Amino acid sequence: MIEAVRIYLPWLLSALTIWMTLLAGNKHRNAWLIGLGNQLLWLVWIVTTQSWGLLPMNFALWIVYGRNHLKWAK
């Protein structure tokens, strides 16, 4: 299972990141929620692969995407 996460999850992460970025560029209100869900998957991948150097990016994007979602929801 761990090997499957390590090999296949980056493909899903890439697709979700591209999709979220396109939605944000089109000012779709749910773009940031998709981004937050994607960060959860990133966290799974980081922990599974023990890629601890990516934790600061993950933490920062949780904050940025959450902030953006709250601003756009107004």
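**Stop 1: the aromatic cluster**

Select Trp-32, Tyr-65 and Trp-72, and you have one aromatic cluster on screen. Keep in mind as you look around that this is a predicted model. Across the whole structure, a search finds three aromatic pairs. Start with Trp-32 and Tyr-65: their ring centres are 5.4 Å apart and the planes meet at 45 degrees, so this pair is tilted. Trp-32 sits in helix H2 (residues 31-49) and Tyr-65 in helix H3, so the pair ties together parts that are 33 residues apart in sequence. Both of these residues, Trp-32 and Tyr-65, are buried.

The ring centres of Trp-32 and Trp-72 are 5.5 Å apart, with planes at 85 degrees, so here the pair is edge-to-face. Again one partner, Trp-32, belongs to H2 and the other, Trp-72, to H3, so parts 40 residues apart in sequence are tied together.

Is Trp-72 buried or partly exposed? With a relative accessible area of 34%, Trp-72 is partly exposed. Trp-32, in contrast, has 10% relative accessibility and counts as buried.

**Stop 2: around Trp-32**

Centre the view on Trp-32 and show its contacts. Leaving aside residues up to four places away in sequence, Trp-32 touches Met-20, Ala-24, Tyr-65, Asn-68, His-69 and Trp-72.

Some of those names come back when you select the largest nonpolar core. Its nine residues are Leu-16, Met-20, Leu-23, Ala-24, Ala-31, Trp-32, Ile-34, Leu-36 and Tyr-65. Helix H1 (2-25) and H2 each contribute at least two residues to this core. There is also a second, separate core of five residues, and Val-5, Leu-9, Trp-45 and Ile-46 are among them.

**Stop 3: Gly-66 on helix H3**

Move on to Gly-66, which lies in helix H3 (residues 55-73). Gly-66 counts as buried because its relative accessibility is 18%, and the cut-off for buried is under 20%.

**Stop 4**

Switch to a cartoon view and show H2 with H3. Two packed helices are described by the angle between their axes and the distance between the axes. For H2 and H3 the packing angle is about 165 degrees and the axes are 9 Å apart. An angle over 145 degrees counts as roughly antiparallel, and H2 and H3 are therefore roughly antiparallel to each other. The crossing of H2 past H3 is left-handed.

To see what makes this contact, show side chains on both helices. On the H2 side, the residues include Trp-32, Leu-33, Gly-35, Leu-36, Gln-39 and Leu-40. On the H3 side, look for Leu-61, Trp-62, Tyr-65, Gly-66, Asn-68, His-69 and Trp-72, among others.

H1 passes H2 in a left-handed crossing.

Definitions and conventions:
Residues numbered from 1 in each chain as written. Predicted model: local features only at pLDDT ≥ 70, side-chain atom pairs only at ≥ 80, totals over all residues. Heavy atoms only, no water. Helix = DSSP H or I, 4+ residues; strand = E, 2+ residues; numbered from the N terminus. Buried < 20%, exposed > 50% of the residue type's maximum accessible area, 1.4 Å probe, protein only. Phe/Tyr/Trp six-rings, centres within 6.5 Å; stacked < 30°, edge-to-face > 60°. Core = buried A, V, L, I, M, F, W, Y, C linked by side-chain atoms within 4.5 Å. Contact = heavy atoms within 4.5 Å. Axes fitted to C-alpha atoms, helices over the stretch in contact; angles between N-to-C directions. Parallel < 35°, antiparallel > 145°, perpendicular 65-115°, else oblique. Left-handed = near helix turned anticlockwise from the far one by under 90°.
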